[in-house]
Amino acid sequence: MTSASKSDTALISRVRTAIAAAPDATAAMTEAVRLLKDNLPHYTWAGIYLMEGDELVLGPYLGKPSPHTRIPLGRGICGAAATERATIIVDDVNNDPRYLACSLETRSEIVVPIMRGDTVLGEIDIDSDRPAAFGKDDRDLLEQIAVLLAARL
Ligand code: SME
């Protein structure tokens, strides 16, 4: 399986339940990241950045430690997704000049803003060691989870 699938309806239910049961925003984000990373093998790195002023600050994540713990809005694929208020999928990070490397093994990336109205609260960032790992099903899954998280941030 190279992308998320319709069976992710079950995963979304589990994430919804976990987010609703979480005692606070950090626990909600931590659970969402854990469920994604544990259930989707092509998700090599999964994390959440939160907007603080004009920077994205790394929150809960699973995977190798990233050197990019604070990303200004104008930088990276993360900064671009927040500026555009839109999901960005990059099939080949080595061919995208915006890309800020987290790990040399990373080949593709998806970044999904967490929005409240027009305001970007943060974003879900997923890296894969597989090229072109992310498709429409991943976008649908992560955009639904972003809505669930927005209600807890
Ligand atoms: N690749 C991201 C930086 C974050 S790390 O992947 C965790 C970017 O280009 O914004």
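A crossing of two helices is right-handed if the near helix is turned clockwise from the far one by less than a right angle, and left-handed if it is turned anticlockwise. The exercises below use this term on a predicted model.

**Exercise 1.** Determine how helix α1 is oriented against helix α4, and which residues make the contact.

*Solution.* Start with the axes: those of α1 (residues 8–21) and α4 (residues 136–150) come within 10 Å and cross at roughly 15°. Angles under 35 degrees count as roughly parallel. The two helices, α1 and α4, are therefore roughly parallel to each other. Next, take the handedness: the crossing of α1 past α4 is right-handed. Finally, list the contact residues. From α1 they are D8, L11, I12, V15, R16 and I19, and from α4 they are L141, Q144, I145, L148 and L149.

**Exercise 2.** Carry out the analysis for α1 and helix α2.

*Solution.* Helix α2 spans residues 25–39, and its axis comes within 9 Å of that of α1, with a crossing angle of roughly 160°. Angles over 145 degrees count as roughly antiparallel. It follows that α1 and α2 are roughly antiparallel to each other. The crossing of α1 past α2 is right-handed. On the α1 side, L11, R14, V15, A18 and I19 make the contact; on the α2 side, A28, E31, A32, L35, L36 and N39 do.

**Exercise 3.** Trace the strand pairing from β1 through β2 to β3.

*Solution.* Begin with β1 (residues 45–52) and β2 (residues 55–62), which run antiparallel and are joined by 6 bridges. Between the two strands the hairpin has 2 residues, and G53 takes a positive phi near 65°. Then move to the other pairing of β2: with β3 (residues 70–72) it is antiparallel over 3 bridges. Here L56 has I71 of β3 as its bridge partner.

**Exercise 4.** Describe the surroundings of S128: is the residue buried or exposed, and what does its side chain approach?

*Solution.* First place the residue: S128 is in strand β6, residues 119–128. Its relative accessible area is 0%. Buried means under 20%, so S128 is buried. A polar atom of the S128 side chain lies 3.0 Å from the backbone nitrogen of R130. Beyond its neighbours within four places in sequence, S128 is in contact with H42, T44, E105, T106, R107, S108, A133 and F134.

Note on methods: Residues are numbered from 1 along each chain as its sequence is written. This is a predicted model: local features need pLDDT of at least 70, side-chain atom pairs count only at pLDDT 80 or more; totals for chains, interfaces and linings use all residues. Side-chain values use heavy atoms; hydrogens and water are left out. Helices (H or I, at least four residues) and strands (E, at least two) are DSSP runs, numbered from the N terminus. Buried means under 20% relative accessible area, exposed over 50%, partly exposed in between (1.4 Å probe, protein chains only). A polar contact is a pair of N or O atoms within 3.5 Å; within protein, one must be able to donate a hydrogen and the other to accept it, and residues adjacent in sequence count only if both atoms are side-chain atoms. Contact means heavy atoms within 4.5 Å. Two strands pair if DSSP finds at least two bridges between them. Axes are lines fitted to C-alpha atoms, for helices over the stretch in contact, and angles run from 0 to 180 degrees between N-to-C directions. Angles under 35 degrees count as roughly parallel, over 145 as roughly antiparallel, 65 to 115 as roughly perpendicular and the rest as oblique.
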